[in-house]
Each structure stands twice: as structure tokens, then as C-alpha cells.
Amino acid sequence: MHCASSFFSVAPDRISARDEARFFGLLKTANNTFKRTEPSRLTAIDAALIETLARYDSPIHAVLDLGISSGVTTLELLERLRATGHEVQMTGTDRSVRARLVPLPFGCQALVEPNGHVLQYEVMGRAVRPWARRLDRWTGMHLVRKLVEGQLRKPAIAQAVAGQGTEVALISPRLRENHAFQWLEDDITRRSAALIGRFDLVRAANLLNRHYFEPEVLRRAVGNAIAYMSGPGAWLLVVRTHGAADHRGTLFQMQENGMLAIMDRYGSGSEVEDLVMELSSG
Ligand SMILES: C[S@@+](CC[C@H](N)C(=O)[O-])C[C@H]1O[C@@H](n2cnc3c(N)ncnc32)[C@H](O)[C@@H]1O
């Protein structure tokens, strides 16, 4: 199940959360980040959110989760909301979702991002990482990778850039197949007309961080997240997780005058709380 070809061809109900974590944990993107999202990472925040929604008797129908990565925490929130009576439809966005699974000489394959960055080679049914681990020197993997890269890198990039092979979405298959979910490739720093004013709950988890974006870009991104809220009564949750479970976030709700009010804080609150308040006041 480590190989892209089997991961994307097996029925989603035969793939466990553990299989997903293993598969996505091997994919290092062009930005040098892993596609993997820790399962249960946001459980405590999900629970606090749901309790607040219940307290304010606020049913949620449309949710936008921004920067979903492989969508593991998105699926968890979706299931949690549905289990507590919210008939939600969830839209999940990320700057990069698509990749291509391309056929290569000698029966090999590769999983490649549209920009030509190789995520994984597949040689004789085995996954070969294009990135190095310290251990590789001892296992001989560095030699295998050298050989594979020498033979397959160029055709893999050429095929992907030419749009050959099969397009796949780098999202949890269990989430992708969920009838209440749709994904969208979208950059939060660019205003997307199709998302404006549509969502009762917008969540930005581990995305709107000061270290990710330049101040002006972050300002635009926060402004866009607010613009995607459906109106008075809608919620915005911004949270960043430090370490394993040190959540620092803020839950906002839009008031009748269109301004946001702080309804809850997790840990010391979101690092962009002031910016959200400033932008929502016009
Ligand atoms: C650390 S992951 C967060 C995953 C998930 N929200 C969580 O908290 O478990 C950050 C994600 O944001 C995405 N991202 C980074 N910049 C983005 C942008 N400008 N627009 C949309 N997504 C972006 C990355 O591709 C990555 O998948």
C-alpha cells in the first residue's frame, strides 16, 4: 500500500488511517513539506468547537477547511460535526492537491506534481523515495535511488509536464469518497469569487501563520478567509498547533453589523487574532 499505484486503485474502505499516514508520510512536496497530517491532531479543538456550537444553538451547513494537506483532520471534523447533528457539506482547499501517476520504462511508474517535482518512484511494485534519509547509507538505498533517478527522473518529469498518465488527488481516499465532501485547489492568498459569502464555518488550521507568509500576503489571506464567511452568525476558527498538542487559536463569530467577535480562545489565542479583528472592523 506504500506505492501510489496500489494506494489509488484500492477501494477507499480498504484503506485505514494508518495506511494513509504511511503513504502520505513518504511524500515530500516541492516546498519541502510532507503531505502527511497527524491523525487526531485537532481532536481537542474539534470538541471545544462543537461544544460552543451547541451552546449557541448554531447549526452548521457549509464548512470550508483551508489548507487541508492530505485531509486527515478535515475528515475528522466532518465526521464529528455530522455525528453531533450538523448536516454539513464540507469544502476542503489546498494550494496543491493534484499529482500525476505516470508510466515509465521497465514497467516503472512515478507520482509527480504538475510542476515536475517527483514525489515517489515505483520500481517492481516497491516505492522508492526521491529524498534521502540518513539511514539510506547503511541500507544501500542511496545507490538504488541514484540508479533510479539516473534512469527515470527525466522521463517522469517530461511525462507529468506533458499531462501524461493519470491525475490523482493527494487526499485521503476516505475523505475524497465522502459524499459530503468536495475538494478544490485554491490559494488562500488569492480571492476566489466562487467561495465568497458561502460558509457558516471557515477553519484555518496551521495555515494563517506569521512564519508562512509575508505580512501583506497574510493580510490578504486573512481578508479572504473572512470574505468566505456566509454572514452574521457564521464562525471563523484560526488555530496553530505548536509541538504535538499546544493549540493556540481563536474562534470568532460574525455579528449583525458584519464585525467579528471573539467567542473562544484556545491556549493563548491565535497569533493573527488582532489582524482578524482589524480587518473585520472594515
Ligand atoms: C501544516 S498543513 C495543515 C494541515 C491541516 N490543516 C492541519 O492542521 O492538520 C498546511 C497546508 O497548507 C497548505 N498551504 C500552504 N500555503 C497555502 C496557500 N497559500 N493556500 C492554500 N493552502 C496552502 C500546504 O500545502 C499544506 O498542505
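Helices and strands are taken here as DSSP runs, helices having at least four residues and strands at least two, and they are numbered from the N terminus. All views show a predicted model.

View 1. T29 counts as buried because its relative accessible area is 7%, the cut-off being under 20%. Setting aside residues up to four places away in sequence, T29 touches K35, E113, H117 and L119.

**View 2. Crossing of α3 and α4.** The axes of α3 and α4 (residues 72–83) come within 10 Å and cross at roughly 30°, and the two helices are therefore roughly parallel to each other. The crossing in which α3 passes α4 is right-handed. From α3, the residues T43, D46, A47, L49, I50 and L53 make the contact, and from α4 they are E76, L77, R80 and L81. Sorted by class, this contact of α3 with α4 comprises six nonpolar, one polar and three charged residues.

**View 3. The largest nonpolar core.** This core has 28 residues, of which V202, L208 and L236 touch the most other members. At least two core residues come from each of β1 (62–66), β9 (201–205), α8 (215–227), β10 (235–242), β11 (246–254) and α9 (273–280), and α8 supplies the largest share, with six residues.

Terms used: Residues are numbered from 1 along each chain as its sequence is written. This is a predicted model: local features need pLDDT of at least 70, side-chain atom pairs count only at pLDDT 80 or more; totals for chains, interfaces and linings use all residues. Side-chain values use heavy atoms; hydrogens and water are left out. Buried means under 20% relative accessible area, exposed over 50%, partly exposed in between (1.4 Å probe, protein chains only). Contact means heavy atoms within 4.5 Å. Axes are lines fitted to C-alpha atoms, for helices over the stretch in contact, and angles run from 0 to 180 degrees between N-to-C directions. Angles under 35 degrees count as roughly parallel, over 145 as roughly antiparallel, 65 to 115 as roughly perpendicular and the rest as oblique. A crossing is left-handed if the near helix is turned anticlockwise from the far one by less than a right angle, and right-handed if clockwise. Ala, Val, Leu, Ile, Met, Phe, Trp, Tyr, Cys and Pro count as nonpolar, Asp, Glu, Lys and Arg as charged, and the others, Gly among them, as polar. A nonpolar core is a set of buried Ala, Val, Leu, Ile, Met, Phe, Trp, Tyr and Cys residues joined through side-chain atoms within 4.5 Å.
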